[in-house]
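The following exercises are to be worked with the sequence and the structure at hand. Each task is followed by a solution in steps.

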Amino acid sequence: MSPPTPNAAARTVTRICPLCEACCGLSLTVEGDQVTAIRGDAGDVFSHGYICPKAVALKDLHDDPDRLRQPMVRRDGRLQPASWEEAFAVIAERLPPLLQAGGRDALAFALGNPIVHRLGLGLYVQRLVRAARSKNVFTASTLDQMPRQLASGWLYGGGLSVPVPDIDRCDLLVVLGANPVASNGSMWTVPDFRGRVRAMHGRGGRLVVLDPRRTETAALADEHHFVRPGGDAFLLLGMLHTLFDEGLAHPGRAGEWLADGAQAALADVVRAFPPERVAARCGVPAELQRALARRLAATPRAALYTRIGSCTQPFGTLNAVLVDAINVLTGHLDEPGGVMFPKAAAFAANATGRPGVGRGVSTGRHHSRVARAPEVFGEFPMGCLAEEIETAGPGQVRALLTVACNPVLSAPNGGRIAAALGTLDFMLSVDIYVNETTRHADVILPGLSSFEEPHFDLSFPQLSCRNHARFSAAVFAPPAGALPEWQVLARLAALLGGQADALNPAFDLPAYDAQCLADDLRRLGAGAAPEAQAAVLAALGEQPGPERLLDLALRTGPYGDHFGMRAGGLTLARVSAAAGGIDLGPLEPRLPEVLRTPSGRIELWPETLAGEPARLEAALAAPVPPLVVIGRRDVRSNNSWMHNLPTLAKGPERCTALMHPADAAHLGLAAGDRVRLEGLGPAQGRAIELPVVPSDEMMPGVVSVPHGWGHDLPGARLAVAAQRPGANLNALLDDADRDPLSGTSVLSGVPVRALKAG
Ligand SMILES: Nc1nc2c(c(=O)[nH]1)N[C@H]1C(S)=C(S)[C@@H](COP(=O)(O)OP(=O)(O)OC[C@H]3O[C@@H](n4cnc5c(=O)[nH]c(N)nc54)[C@H](O)[C@@H]3O)O[C@H]1N2
Ligand SMILES: Nc1nc2c(c(=O)[nH]1)N[C@H]1C(S)=C(S)[C@@H](COP(=O)(O)OP(=O)(O)OC[C@H]3O[C@@H](n4cnc5c(=O)[nH]c(N)nc54)[C@H](O)[C@@H]3O)O[C@H]1N2
Ligand code: SF4
Ligand SMILES: [Mo]
């Protein structure tokens, strides 16, 4: 279908897509109060016109009749539309007494993925959590990238100091456990991955993919090799062994900044894992492990990249460390064409404060009550949420606040979470749907349509393959009476901070918000003269909360105008005036300035990994299970929450089980049959059924199932998604199975039993 011809009244606005980490620039045709076309913005300095099919579905999202436009309150056991006044009154009446009775930890948070894609949520959720002073903070990070962040915290001193491939100058890119053609990249903001690979090929470069499935990314690659799920640590150890054994370990310039003895300590550990010893466990022949190591060492501009496939594993944190170790020892860290640290214009902890040294990152300042899991970056594993609600005693969770989170589908053993939610004394959700999780809430407070919100990415410029600054103003004014999410979170923060009248319509939110900003400034600029702080506040003026915080971050950031002290520097006004954004150039070497470790060095083999060799030995001794399940992403889907959008929901069924033809035949399964997958061990008794697709793109002994499905639960209101609900992969997984260092759930390489359904 071609877009309607714009009429004379049409205007074009540019906008950053808020759906995934690629952060593509969009060009919207707007007629009156309608968006009539969505295209890639060819003038975008970063994405140059690239988009994927999900961008077009933003219109479906804006128009979705199931998207909440007013609060919902449970009355007579049923969620019903309510006014903001009523919803706020219910919260003000029920939440504070629970905290008075049960203490601060009686309120838990479940914080989901879209927070990192929304300016207002991202900024104000931090304020909310700080005000609540609860230790029970659970986020999607422990279903995802926490191992990567923890490794970065230990090695470089900052959770978002992640070296990303400098793909535009790279000649050999090795991708392990990531599928950027489907996911559009993760912990690596790289719009148009395909086009950038094409350019790399044009320079004679090579792409190598290691994955238990021959993926869409593998289809672009010069080579694809299977790796056994969960075997990545062993493959990486075998490669490191080769580097040391063959005298190929040459850290280059980064070597100057390695902590004393770190390289020797790593070599000591690696000695026990020669390629022959680990080949069966990782499924990669010894000679191929050696060849990969040699090629990375011999190619001047090369990068090894890994993502969720190696993260959501028992050795997730170790894997991230080992990947960086390979990049360091082959001379590719902080080098053009290797892996480099972006320098973001705003909010980057590694681009502010004193350069080259810092407090570093430590974990375990406190522990969860039931499993005694250590806190990591101030949170507990999502896998602990259910037990903290179920288990009686001091500190028991009795109230839950979810913000853009759907753990009933996104977390392992979501059925247990759903049951636990039903026992809470109070549950509040800030969300845009009545879905599998929020159907349990007593109150749901909705956000605006993304077209009604300004946009700036807080995190992704810190992970981008090129430096840039881009801002999108709201396309439409919000409907009368609707509240932006930052205001909702700010009021909740005020309530939890002790202002009993914070949810009262008469509450002076601007005054409260200004006071918070002044407090922040005092903390950040400790030592600065009060007059200077007053001048900063005056210069920031009366902008709405998120814009004011963004302006402050841009102006005090590495490219900022420093409030007039640096002519031509960035301000929010300058960034928003630049259609298509401002290009800040290719990535540049940042060692040692980027480091924030107490030693001012790269802690390549931190002491916190001391227990890993013993764990590795135990894992190597364990038998390889005959069948394991892994995850999958599809470009027309996004985690659990975009299955209600008609543009994306149509087409072939996506919630299917891919299996090697020999495995399928062995079970008597043919294309079109339904397979029953049963959980084992602690997941025994849980099963899902879904259509099987025999395919030689799968490694034998591995079945691939996408997550985020299972939209057939009573009480959810997702009319389109319910028509083809799919099955919930997470029903097969065990919430206690985690990487002990980061608390991240094991979502990949989990043993299952398969049989023909029926
Ligand atoms: N279209 C779309 N895009 C998305 C999302 C989405 O749901 N849909 N989700 C977004 C989010 S939240 C994230 S975090 C990112 C994730 O981005 P990616 O990390 O690129 O995610 P996947 O596409 O799941 O790719 C993971 C790959 O790891 C492989 N794999 C599974 N187990 C193992 C293993 O044990 N070892 C190895 N080496 N490989 C393994 C899988 O076969 C798969 O190809 O994507 C984001 N983008
Ligand atoms: N087995 C398995 N499980 C996985 C994964 C996997 O690969 N395999 N991937 C994991 C990963 S990487 C992630 S990030 C997590 C995601 O886990 P979650 O963050 O729990 O799940 P999402 O599906 O992203 O759900 C987003 C929620 O935000 C709501 N929402 C959407 N837009 C807005 C908005 O603008 N405002 C508000 N307030 N709410 C909004 C949606 O309605 C939905 O409730 O899932 C994880 N789960
Ligand atoms: S890849 Fe698609 S969903 Fe992701 S930012 Fe670009 S257009 Fe949006
Ligand atoms: Mo994610």
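**Exercise 1. Determine how far apart the centres of domain 1 and domain 2 lie, and describe the interface between these domains.**

Solution.

Step 1. In this predicted model, the centres of domain 1 and domain 2, taken over C-alpha atoms, are separated by 27 Å. The domain assignment places domain 1 at residues 146-341 and domain 2 at residues 625-756.

Step 2. Contact involves 23 residues of domain 1 and 23 residues of domain 2. Between them the two domains bury about 1900 Å², and 63% of this area is on carbon and sulfur atoms.

Step 3. On the side of domain 1, Arg 213, Pro 229 and Thr 312 supply 30% of the area buried against domain 2, more than any other three residues.

Step 4. The polar part of the interface comprises 7 residue pairs in polar contact, counted with both residues at pLDDT 80 or more. The rule also finds 2 salt bridges across the interface.

Step 5. A salt bridge joins the side chains of Arg 214 and Asp 696, with an N to O distance of 3.0 Å.

**Exercise 2. State which residues are closest to ligand 1, and identify polar atoms that lie beside its nitrogen atoms.**

Solution.

Step 1. Ligand 1 is surrounded by 32 residues, of which Ser 183, Asp 211, Asp 232, Ser 637 and Ser 748 are the closest.

Step 2. Two side chains are considered next. An N or O atom in the side chain of Ser 748 is 2.5 Å from a nitrogen atom of ligand 1, and a polar side-chain atom of Arg 633 is 2.8 Å from a nitrogen atom of this ligand.

Step 3. The backbone also takes part: a polar backbone atom of Asp 634 lies 2.7 Å from a nitrogen atom of ligand 1.

Step 4. Taken alone, ligand 1 exposes 920 Å², and the protein buries 97% of that area.

**Exercise 3. Describe the surroundings of ligand 2 by residue class and by backbone contacts.**

Solution.

Step 1. There are 29 residues around ligand 2, and the closest are Asn 113, Arg 118, Asp 431, Glu 485 and Ser 640. By class, this shell holds 15 nonpolar, 9 polar and 5 charged residues.

Step 2. For oxygen atoms of ligand 2, a backbone N or O atom of Asn 406 is found at 2.8 Å, and a polar backbone atom of Ala 404 at 3.3 Å.

Step 3. For a nitrogen atom of ligand 2, a backbone N or O atom of Val 430 is found at 3.1 Å.

Step 4. The protein buries 97% of the 920 Å² that ligand 2 exposes when taken alone.

**Exercise 4. How many nonpolar, polar and charged residues form the shell around ligand 3?**

Solution.

Step 1. The residues around ligand 3 include Cys 17, Cys 20, Cys 23, Cys 24 and Cys 52. Also among them are Leu 19, Ala 22, Ile 51 and Ala 55, together with Lys 54 and Asn 184.

Step 2. Sorted by class, the shell has 9 nonpolar, 1 polar and 1 charged residues.

Conventions: Residues are numbered from 1 along each chain as its sequence is written. Chains are lettered from A and ligands numbered from 1 in the order in which they are written. This is a predicted model: local features need pLDDT of at least 70, side-chain atom pairs count only at pLDDT 80 or more; totals for chains, interfaces and linings use all residues. Side-chain values use heavy atoms; hydrogens and water are left out. A residue is near a molecule or strand if one of its heavy atoms lies within 4 Å of it. A polar contact is a pair of N or O atoms within 3.5 Å; within protein, one must be able to donate a hydrogen and the other to accept it, and residues adjacent in sequence count only if both atoms are side-chain atoms. Accessible areas come from the Shrake-Rupley method with a 1.4 Å probe; for residues, only the protein chains shown count as cover. Ala, Val, Leu, Ile, Met, Phe, Trp, Tyr, Cys and Pro count as nonpolar, Asp, Glu, Lys and Arg as charged, and the others, Gly among them, as polar. Domain bounds come from an automatic or database domain assignment. Contact means heavy atoms within 4.5 Å. Buried area is the accessible area (1.4 Å probe) that two parts lose on being put together, summed over both. A salt bridge is a side-chain nitrogen of Lys or Arg within 4 Å of a carboxyl oxygen of Asp or Glu.
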